[in-house]
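The following exercises are to be worked through with the sequence and the structure at hand. Each task is followed by a solution in steps.

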Amino acid sequence: MSSTDTRRTALDALHRSLGATMTDFAGWDMPLRYGSERDEHNAVRTRAGLFDLSHMGEITVTGPQAAALLDHALVGDIGGVKPGRARYTMICREDGGILDDLIVYRLAETEYMVVANASNAQVVLDALVERSAGFDAEVRDDRDAYALIAVQGPESPGILASLTAADLDGLKYYAGLPGTVAGVPALIARTGYTGEDGFELFVKPEHAVELWQALTKAGEGAGLVPCGLSCRDTLRLEAGMPLYGHELSTSLTPFDAGLGRVVKFEKEGDFVGREALTEAAARAGANPPRVLVGLVAEGRRVPRAGYAVVAGGTVIGEVTSGAPSPTLGKPIAMAYVDAAHSAPGTPGVGVDIRGTHEPYEVVALPFYKRQK
Amino acid sequence: MSNPQELRYSKEHEWLSAVEDGVATIGITEHAANALGDVVFVQLPDVGSAVTAGETCGELESTKSVSDLYAPVTGEVTETNEDVVNDPSLVNSAPFEGGWLFKVRVAEEPADLLSADEYTTFSAG
């Protein structure tokens with residue numbers, strides 16, 4: 001993609017003034033890191049980090065049948081989400097293939113905000129519009145209506161509390177409420193993609209710089225640092241969270257990805273993909289093709305997406321994401337492997353790292369879970 | 001960032017010290033280290049092995065990627081930096097000093113090594 005059609009967030013000039021290394025991500029020019037990505041990662045695990053996630057795609061669904069539309073279009077029980085709460089869910093094709101994974105916030109009885117990955121936002125928008133036919137509901141493209149700033153890490157509740165009168169103690173994980181932060185109207189959500197406690201703040205783009213600066217100042221004493229997408233990737237990998245295009249794709253169903261729990265067959269009415277997903281559920285239970293596992297290196301060479309997983313000289317799977325784990329101090333990976341080799345502790349499993357079979361231990365996901 | 005004047009540079013972003021008693025020290029430039037991000041693993045050529053100018057002789061792994069290490073000259077490896085093997089972050093924190101990678105008894109130099117000023121122009125482009 002040429003620089004002329006690369007999109008920039010409302011915080012672009014600020015990132016450059018902070019000396020960020022920028023990268024193209026799904027058509028957006030985003031901060032990859034500001035300094036050391038390992039230091040940024042560790043700051044989120046132990047203190048707090050500040051992220052610009054304005055590339056994420058917001059889609060608003062309103063109307064008397066907003067819930068019915070989303071129950072039809074998505075695989076989760078969206079009508080069962082209470083106002084003020086959020087749900088991790090997926091949108092699938094008729095054949096069960098995953099179009100995207102989503103967070104859906106129920107803002108009010110008849111109003112939802114669907115947050116899609118930047119790379120899939122147009123696909124999700126198109127699918128929702130198409131699937132809205134016959135429903136008394138409106139699907140609105142709100143990608144340009146929001147900037148998204150996340151503050152993540154154990155110090156994030158204290159930092160945010162110093163800037164808002166909102167009841168953060170009453171705000172549970174996967175809940176969201178409208179409020180004011182540093183004088184700026186914001187949807188305050190207790191969600192994230194790091195494996196830590198934290199918040200995501202949806203604000204108007206014209207308020208993004210003001211909010212970022214207020215959070216930076218409020219977090220100074222607590223060790224908050226700006227964080228780029230590089231550490232976001234290692235944080236989510238340690239937390240065992242899938243990334244679309246790596247662990248999730250149109251050629252996999254939620255059951256293939258080990259995330260069948262997001263599919264709610266018991267909900268009322270038909271939904272797109274129900275028939276195919278019913279078959280996929282049976283297949284995954286009886287005869288799973290490949291299973292998503294964690295791999296931890298015994299050596300120091302790092303597995304990368306696309307590398308073959310091997311056992312006894314035979315290819316038994318493929319790495320979907322891999323990186324040096326700052327928390328474990330070793331390379332880690334997620335990989336789809338044949339079911340016979342998927343049990344934690346399965347001996348003789350390795351990764352083909354540019355021609356050399358390096359030994360890896362099969363482990364259960366996640367690699368890291370925070371102490372609550 | 002400034003590239004030390006007393007060093008020479010390859011287009012693969014290695015630096016080469018002045019040759020003393022036939023031996024030169026080799027590392028990667030600060031520009032290259034910054035582009036890689038945090039280096040987490042270095043694989044260096046074995047002491048005693050032969051390296052050839054412009055050919056790969058090791059690898060550097062960072063958070064996001066793996067990159068080949070190229071030999072800027074032809075010769076025999078006389079020493080490797082065990083400190084950098086044990087603590088690869090030296091490549092980021094001191095690329096021109098404590099983050100040096102290996103030493104070579106130089107048999108042959110390519111004609112296209114760059115001066116500091118030439119490399120600064122090259123790496124900015």
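**Exercise 1: The surroundings of a lysine**

Leaving aside residues up to four places away in sequence, B:Lys64 touches A:Ser230 and B:Gly37. The model in which these contacts are found is a predicted one.

Task: Determine where B:Lys64 is placed in chain B, whether B:Lys64 counts as buried or exposed, and which feature UniProt places there.

Solution. Step one is to locate the residue: B:Lys64 lies in the loop between strand 6 (56–62) and strand 7 (66–70) of chain B. Step two is to apply the cut-off, by which a residue is buried if 20 or more other C-beta atoms lie within 10 Å of its own. B:Lys64 has 20 C-beta neighbours inside 10 Å and therefore counts as buried. Step three is to consult the record: an unreviewed UniProt entry places the feature "modified residue: N6-lipoyllysine" at B:Lys64.

**Exercise 2: The contact between the chains**

Task: State how many residues of chain B are in contact with chain A, and sort the chain B side by class.

Solution. The count comes first: 8 residues of chain B are in contact with 12 residues of chain A. On the side of chain B that touches chain A, 3 residues are nonpolar, 2 are polar and 3 are charged.

**Exercise 3: A strand of chain A**

Task: Explain why strand 4 of chain A is described as largely enclosed, and identify the strands to which bridges join it.

Solution. Begin with burial: 5 of the 5 residues of strand 4 (residues 48–52) of chain A are buried, so the strand is largely enclosed by the rest of the structure. Next, consider the two directions. In a regular strand the side chains alternate between the two faces of the sheet. From strand 4 of chain A, A:Ala48, A:Leu50 and A:Asp52 point one way, while A:Gly49 and A:Phe51 point the other way, and all are buried.

Finally, follow the bridges. Strand 14 (residues 224–226) of chain A runs parallel to strand 4 and is joined to it by 3 bridges; there A:Leu224 is the bridge partner of A:Ala48. Strand 10 (residues 147–152) of chain A runs antiparallel to strand 4, with 4 bridges between them; there A:Ile149 is the bridge partner of A:Asp52.

**Exercise 4: The two domains of chain A**

Task: Describe how domain 1 of chain A meets domain 2 of chain A.

Solution. Second, count the contacts: 10 residues of domain 1 of chain A are in contact with 11 residues of domain 2 of chain A. Third, examine the domain 1 side, to which helix 2 (37–46) and helix 7 (229–238) of chain A each give two or more residues. The residues of this side divide into 1 nonpolar, 4 polar and 5 charged.

Terms used
Residues numbered from 1 in each chain as written. Chains lettered and ligands numbered in written order. Predicted model: local features only at pLDDT ≥ 70, side-chain atom pairs only at ≥ 80, totals over all residues. Buried ≥ 20, exposed ≤ 12 C-beta atoms within 10 Å, placed from the backbone. Pairing = 2+ DSSP bridges. UniProt positions renumbered as here; feature names shortened; annotations may be inferred. Contact = placed C-beta atoms within 7 Å. Nonpolar A, V, L, I, M, F, W, Y, C, P; charged D, E, K, R; others polar.
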